[in-house]
Amino acid sequence: MPKRRIPGPKAEHGMLFINRLIANTVALPLYYCNLRSTWNVAGKSPTGSLNLEDWLHTPPPADIYVLGFQEIVPLNAGNVLGTEDNGPAKKWLALIRRTLNSLPGTSYDPNLELDSDFEELKTVKNTSFMSRSMRITKSDMAMSQPRLERGYSGSDRIVYRNRVNGYGLNLGDSDEDNEPDGLRLPDSIRDPETEYCESMSGKNPKNSRYCLVASKQMVGIYLTIWIKSDLRDNVRNMKVSCVGRGLMGYLGNKGSISISMTLHQTSFCFICCHLTSGQKEGDELRRNADVMEILRKTWFPRVQGTRDEKSPQTILDHDRIIWLGDLNYRIALSYRSAKDLVEARNWGALLANDQLRIEQRSGRVFNGWNEGRIYFPPTYKYSNNSDRYACNDMHPKEKKRTPAWCDRILWYGRGLHQMSYVRGESRFSDHRPVYSIFIAEVESINRCKIKKNTSCSSRIEVEELLPYLH
């Protein structure tokens, strides 16, 4: 009788070789042009005449636009403690959409725009992007597709791992430059067990070259992401996490919005922040603390049944990380010394005393992060509708604010190549916008090769396991 024998090491070696061959042939690097920008708009709502073309029309057009704003609403008591005002956000979205889709070769019909980005949200395949109005419970987390609802509120807190996504009380952590007068905590804070996000609207106008894939507001901080329409189906696992660092140490007049997403097989995290203000000695340490708390408390929970069991949960877990915003670091010089250097346009000497550079070199903040070389003048603080720094126009009794590079863009990790780091010259705000263009490496799966190599692997496995005679 013939004996059937199962092969040993020979078949195992063959399988390992084929699997390694597949791994080495199907991961294809792609390269995408990305524009990231930050702008503190000083609580001003955009007008129809505001021109964003110099800011957004960069050669060549980017594949992804990540636009972060600070102070899209005035940081007064009503906006910090009351119902969130999303009227200015609607105006910014409409203006951005019109500008991006007026690039050469795009087809844009303003009549299709309306309020599509703020209407009822639809679920998106493989997306765990949850509305802030949705209570998170264990049963919710077990759902295969979270339900998206439209919802807005002011300074909700996030719960993860059965605890509040951290806002430690710090009564001294207030906003020097824009502190609302007479603020107090309301009698009842909104339910803290709330995870909030917004967008992935399914109503982007037809034939638009760019579509909105994410949009999130927390009081005055606002982060929005636009992507070329033909890339949209490759975006998945979108999540948001907000950390408040303002009044009482947790309200949303200061803090961060972080959005996590996966493009093809590469994870991205974009952080838009507005850190503690002030130019007194020691204020930079409070900004350092803001950064540490944002890194510690930002959390992207995994949702069961949505194929994101291995998705990153913290900021530093991601493959590509961009941090932008009004970081509020100032110049570590006396007002008179800084003013003399500003008048002499000696930006190099000013930058040598930049608090962020000093703190980073000392290892106290952003250890291991990168920032491009700065060749542009300080971005803050300008007189209204002017190219003059406010320190030159202030009344002797007014608070003197030394010019500084408050608005910054940093990145962490490999796979990001900065092509430019510049500022815009719009006089709309007392800050100048800052933007940077990156080339991002993205890993993609070639499914044709997967199919071909998998067939080859299966054939060898079957042949090796065929019975043969002694």
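**Terms and their grounds**

In this predicted model, helix H6 (residues 283-297) lies across E9, E10, E11 and strand E12 (320-326), and its direction is at about 135° to that of E9.

Q: What makes E9 and E13 edge strands of the open sheet?
A: The sheet has 5 strands in the order E9-E10-E11-E12-E13, with mixed pairing. Strand E9 (235-244) and strand E13 (407-412) each have a single partner strand, so one side of each is left without a neighbour in the sheet.

Q: How do you know that E10 and E11 pair?
A: Two strands pair if at least two bridges are found between them, and strand E10 (residues 255-263) and strand E11 (residues 266-274) have 9 bridges, in the antiparallel sense. Ile259 stands opposite Phe270 in E11.

Q: Why is the contact of Asp430 with Lys381 called a salt bridge?
A: The definition asks for a side-chain nitrogen of Lys or Arg within 4 Å of a carboxyl oxygen of Asp or Glu; the closest N and O atoms of Asp430 and Lys381 are 3.1 Å apart, and the pair therefore qualifies. Asp430 lies in the loop between E14 and E15 and Lys381 in the loop between H9 and E13, so the pair ties together parts that are 49 residues apart in sequence.

Q: Why is Arg423 called buried, whereas Glu425 is called partly exposed?
A: Buried means under 20% relative accessible area, and partly exposed lies between that value and 50%. Arg423 has 11% and is therefore buried, whereas Glu425, at 47%, counts as partly exposed. Arg423 and Glu425 also form a salt bridge, with their closest N and O atoms 2.8 Å apart.

Notes. Residues numbered from 1 in each chain as written. Predicted model: local features only at pLDDT ≥ 70, side-chain atom pairs only at ≥ 80, totals over all residues. Heavy atoms only, no water. Helix = DSSP H or I, 4+ residues; strand = E, 2+ residues; numbered from the N terminus. Contact = heavy atoms within 4.5 Å. Axes fitted to C-alpha atoms, helices over the stretch in contact; angles between N-to-C directions. Buried < 20%, exposed > 50% of the residue type's maximum accessible area, 1.4 Å probe, protein only.
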